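I opened this entry to record what I looked up today.

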Amino acid sequence: MDQALALEIMLSGEHVLLTGPAGSGKTYVLREFIARARDAGKSVAVTATTGLAASHLGGTTIHAWSGIGVADELPPRAAEHVSKTRAAAILKADVLIIDEISMLHDFRLDMVDQMLRGVRNKPDKPFGGVQLIVCGDFFQLPPVNRSDGKSGGFVVHAQVWQEMLPVICYLNEQHRQDDDTFLEILNALRGGDVRRRHAEALLARVNAALPEGQEVTELHTVNVNVDSINRRQLQALEGEEHHYIMTTTGSANYVENLMRSCLAPQDLVLKQGALVMFIKNSQDRKYVNGSLGTVVDFDPLSDYPIVVLRNGQRISVLPDLWELRDGDRKRAGLTQLPLRLAWAITVHKSQGMTLDAAKIDLRRAFVEGMGYVALSRVRRLESLSLLGINKMALKMSDEALAIDNDLRTTAQADAERFAHLRTKADEYAKEKPRKAAKKPASSAAWSEKIAKMRETHPNAYMPWSKADDATLQKMFHDKATLSALTEHFGRHPGSIKKRLEKHFGENVEIPQ
């Protein structure tokens, strides 16, 4: 099924499983659906099974949004004991999205269903009448069963799954890989049919040379390797360190959840020559999640880094915003440069990224599907260098294979059943693209703005040092006025307020 038909089926109000291989455009379709559904006046709750996946879509975890938490079963009359805020969010929702569905246990999907039926007082309708859109690939990471908890399987075994029987939108177009040989290997992995020629082609990439003159990211299966590699490489560079401290808004528990689910570091340390990776898609499409570049300089006015991408494009990097939202309500926000050091990253955190080239260490792959997740990050075989690979990296779950076969069969029948939407899908595809968000100011205009602001506030947009933070907190405790703080730090009053909110909460009262 192509993206256009899948989108029209989702917009028709059906319960849907949006699935397909890595690079087939699942996240793109989700974002387009969210925008069009909201344009139509629908309230869309955006969630995912992990905080990292939720942060990519500007949502929260399904466990938090639904109120089921991390328990293995709901207590009696659970729906009657949820908070008023939680109940209001559930009652308001017209659509519920759950991304990375492969990681959600079947019994937890039933718990979500039970909670929504109870809160919405519609016991006879799956999810209390809310349209459910689940998205993911069952060849990605599976549900994790703890030794001290209830065991479960994929969501297709949930009781509510059999009741709602979602339409299967199986995307089969490829928007990442452009190498037929490599695509054949990935498809062989997905089909559980890895032949000798496939294994030999991968083994030929062990310690294979990549294009000279370019540093590439290493993917590792464990986090300890990643941290030590990035730290060692940064220390090896000469030059001054530039620190960028994350700023946050919201109550402490929500901020903590957002920080755990976001790839942005709390204290980003850069030097000239650092290899960096963008961790968000830019609104003006200058870079995407996973774009690699090198820090070549720092803006003399703002001190923000200037990064040159692999394609030679030069970008003055400005802070970006991540939000934790509960339906339409913002719970927390954080601001940081959309960068992280990129000499190494974990396989888990690479999900959703497209890398031009990578060195991948699969010698310690420990779960089925991990090799597929890692390998499918790159576009072609020649852009891959393996540091090693074990047998587990070539394995797929037998259950995932069986589920995938059933989904393909059902998807074909569903495509025929909804063929009447094809004309509408084709018409929309021919229309002009959705109106793009307002284009951010150019780096030149931004520099001019900062220069003008610094005529009045000389430290505007400069990073806060630890010493400044300590002085700010002491002066605040000593009842310094906002005007006094503004004059002392040479910053805009709004900046002072935001910094105090970070330390003392949104309800902080500052003497004028």
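This is a predicted model: local features need pLDDT of at least 70, side-chain atom pairs count only at pLDDT 80 or more; totals for chains, interfaces and linings use all residues.

Entry 1, helix α13.
I started with the span of α13, residues 398-417. The 20 residues of α13 reach 29 Å from the first C-alpha to the last. At 1.5 Å a residue, 28 Å is expected, and the value for α13 is close to that.

Next I asked which residues of α13 are buried. I found A400, L401, I403, D404, L407, A411 and D414. Looking down the axis of α13, I see these buried residues fall within an arc of 155°, so they line one face of the helix. I noted that two aspartates, D404 and D414, are in the buried set. On the other side of α13, I have D398, D406, T409, Q412 and E416 as exposed.

I repeated the steps for α16, residues 466-477. With 12 residues, α16 reaches 17 Å from its first C-alpha to its last, close to the expected 16 Å.

The buried residues I listed for α16 are D469, L472, M475 and F476. They cover an arc of only 130° around the axis, which puts them on the same side of α16. K466, A467, K474 and H477 are exposed on the other side of α16.

What do the buried residues of α16 pack against? I found two helices, α17 (482-489) and α18 (493-504). Just after α16, I noted a positive phi of about 70° at K479.

I turned to an open sheet of 4 strands and wrote down the order as β18-β7-β19-β20, with parallel pairing. The edge strands are β18 (344-346) and β20 (384-389), each of which pairs on one side only. On average, neighbouring strands in this sheet are turned by 20° against each other, direction ignored.

Strand β19, residues 358-362, is joined to β20 by 5 bridges, and the two run parallel. D361 stands opposite G388 in β20.

Last, I checked a helix against this sheet. Helix α10, residues 223-236, lies across β7 (217-220) and β18. The angle I recorded between α10 and β18 is about 160°.

Methods: Residues are numbered from 1 along each chain as its sequence is written. Side-chain values use heavy atoms; hydrogens and water are left out. The expected span of a helix is 1.5 Å times one less than its number of residues. Buried means under 20% relative accessible area, exposed over 50%, partly exposed in between (1.4 Å probe, protein chains only). The arc is that of the directions from the helix axis to the C-beta atoms. Contact means heavy atoms within 4.5 Å. Two strands pair if DSSP finds at least two bridges between them. Axes are lines fitted to C-alpha atoms, for helices over the stretch in contact, and angles run from 0 to 180 degrees between N-to-C directions.
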